[in-house]
Amino acid sequence: MTKAQKAQTENRYKQKQLRKAEFIMPPNTLKEKVGSGGIGNDILNKAQELLENTAVDFQPLAEMYLKALMDGIADVRADKDDPDTESLITAILYPAMQLKANGGMFHYPLVTTIADRLVQFLEVLVKPDEDALEIVLAYHTTIRAVIMGRITGDGGKHGLALIKALDAACIRYFDRFPYNKNSKHPDFDETP
Amino acid sequence: MTYQLHRISVLVVEDNAPMLEITKSLLLTFGVGSVISAANGDIGFRRFCQYNPDIIIADWMMEMLNGIDLTERIRNNPASPNPYVPVILMTGFSEKDRVLHARDSGVTEFLVKPFTAQDLYKRITQVIERPRQFVRSGDFFGPDRRRKNLTEYFGPKRRDADEIPTEQVLKEQQQEANVALQKMRDHAGLEKGDSIDLTPEGKSLSNKRKSPT
């Protein structure tokens, strides 16, 4: 090692910081107020029971999100030449996310599962072309059928068959248009 | 001994009325003393300034002011009564880059919908039992984004708070590194100055004496 290299190595440990960072540990007033011990399982069970027995009708809420999804599809079709594809996808993605989030909260876990697949599809889609929109429409139709049929469980083997059919449509789409899949996306998974 | 949750207040900000009601009911069942509600981020911030709650639970996607913008306002607005208040963000998104985006806005915890009573309770326990230190750096102010508690760090220390190592300490560190390196060489059957051939032609790790130039 030359003298210059040695000096460089030693200097590496004496570099000035790149950014100033101030660390603050705020007083834990929350802990002081609530103390310790957690809450009992009986209370947790009661809360879960309350969640499972909620009488909220999901149908009007779902209809609202499904309409927003259709509006999103219409927006994409109207602005198909808009270079800002991210905004176009967002118009479809947000209502899909709401269906995913709320289905399971209001006794429709199958809606959550199906909408989750749609969110995953949209998250890696580069450009929402007509073929991709056809897939989104298929998801829309399926979710609507689940809501109208008041399928409140996981749908059993029919539910599974629906999910598999929609998954297969997505796989076929990306087989045909591999360039429309954003492989740089952190959630991108090569395995089918 | 159990948590005295009746001593705290929680602000729930959610534009979906049934979801807001469910979250409120769960918190009241847990024993939370007071649950304040708001139908969007803008109202949420006003209620926050008015009541200064102990925890905020906010939905991400809301009209007017969403959960991320609300969090940024809580952390940075001079009118904020407590910029350190724990914010639990509820959302249907679970994709990594979106979670990172939420984290970078100063959110304390992330609650993915649909959730169970246990999920909500876990996040509340987390903000009570494992509060995170705050960082002010450049244009970021919020909970420390590093989740892992790395107690042992061996790399260069370049922060103001770090002690500057003396020449003697540096020498000792260098010696320790040399000993560790020698152990690795011994283990691999290499000598100082050997290079490793990692090309396909080399097939496996092999050591070649550098030819003198």
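**Entry 1**

Leaving aside its neighbours within four places in sequence, with which residues is A:Ala96 in contact? I began here, keeping in mind that the model is predicted. I found A:Ala96 in contact with A:Leu69, A:Ala115, A:Leu118, A:Val119 and A:Leu122, sequence neighbours within four places being left aside.

I then looked up the largest nonpolar core, which has 83 residues. The residues with the most contacts inside this core are A:Ala96, A:Val111 and B:Ile56. I noted that H5(A) gives the most to the core, namely 9 residues. As general background, I recorded that nonpolar side chains tend to be buried together in soluble globular proteins.

**Entry 2: helices H6 and H7 of chain A**

I next examined how H6(A) lies against H7(A). Their axes come within 10 Å and cross at roughly 170°. An angle over 145 degrees counts as roughly antiparallel, and the two helices H6(A) and H7(A) are therefore roughly antiparallel to each other.

Which residues of H6(A) meet H7(A)? I listed A:Leu110, A:Val111, A:Ile114, A:Ala115, A:Leu118 and A:Phe121 on the H6(A) side. On the H7(A) side I listed A:Ile135, A:Val136, A:Tyr139, A:Thr142, A:Ile143, A:Val146 and A:Ile147. By class, this contact has 12 nonpolar residues, 1 polar residue and no charged residues.

**Entry 3: A:Ala145**

I stayed with helix H7 of chain A, residues 130-148, in which A:Ala145 lies. Is A:Ala145 buried or exposed? I recorded A:Ala145 as exposed, because it has 12 C-beta neighbours inside 10 Å and a residue with 12 or fewer counts as exposed. I also looked up A:Asp167, which is 22 residues from A:Ala145 along the chain; their C-alpha atoms are separated by 17 Å.

**Entry 4: where chain A touches chain B**

I turned to the two chains together. In the model, 49 residues of chain A are in contact with 47 residues of chain B. On the chain A side, the elements giving two or more residues are strand S1 (21-24), helix H2 (29-34), helix H3 (41-52), helix H5 (85-103) and helix H6 (109-123). I sorted this side by class and noted 23 nonpolar, 15 polar and 11 charged residues.

In what sense do S1(A) and strand S6 of chain B pair? I found that S1(A) and S6(B), residues 134-137, pair in the antiparallel sense over 4 bridges. Within this pairing I located A:Glu22, which stands opposite B:Arg136 in S6(B).

**Entry 5: chain B and its sheet**

Of its 213 residues, 31% count as buried. Among the contacts in chain B with a separation of 6 or more, 54% join residues 24 or more positions apart.

I traced an open sheet of 5 strands in chain B, in the order S2-S1-S3-S4-S5 and with parallel pairing. Strands S2 (34-38) and S5 (109-112) stand at the edges, each with a single partner strand, so one side of each is left without a neighbour in the sheet. On average, neighbouring strands of this sheet are turned by 20° against each other, direction ignored.

Strand S3 (residues 55-59) pairs with strand S4 (residues 87-91) of chain B in the parallel sense over 4 bridges. There I found B:Ile56, whose bridge partner in S4(B) is B:Val87. Helix H1 of chain B (residues 17-30) packs on the sheet and touches S1, S2 and S3 of chain B. I noted that the direction of H1(B) makes about 170° with that of S2(B).

Terms used
Residues are numbered from 1 along each chain as its sequence is written. Chains are lettered from A and ligands numbered from 1 in the order in which they are written. This is a predicted model: local features need pLDDT of at least 70, side-chain atom pairs count only at pLDDT 80 or more; totals for chains, interfaces and linings use all residues. A residue is buried if 20 or more other C-beta atoms lie within 10 Å of its own, exposed if 12 or fewer, and partly exposed in between; C-beta atoms are placed from the backbone. Two residues are in contact if their C-beta atoms, placed from the backbone, lie within 7 Å. Ala, Val, Leu, Ile, Met, Phe, Trp, Tyr, Cys and Pro count as nonpolar, Asp, Glu, Lys and Arg as charged, and the others, Gly among them, as polar. Two strands pair if DSSP finds at least two bridges between them. Axes are lines fitted to C-alpha atoms, for helices over the stretch in contact, and angles run from 0 to 180 degrees between N-to-C directions. Angles under 35 degrees count as roughly parallel, over 145 as roughly antiparallel, 65 to 115 as roughly perpendicular and the rest as oblique. A nonpolar core is a set of buried Ala, Val, Leu, Ile, Met, Phe, Trp, Tyr and Cys residues joined through C-beta atoms within 7 Å.
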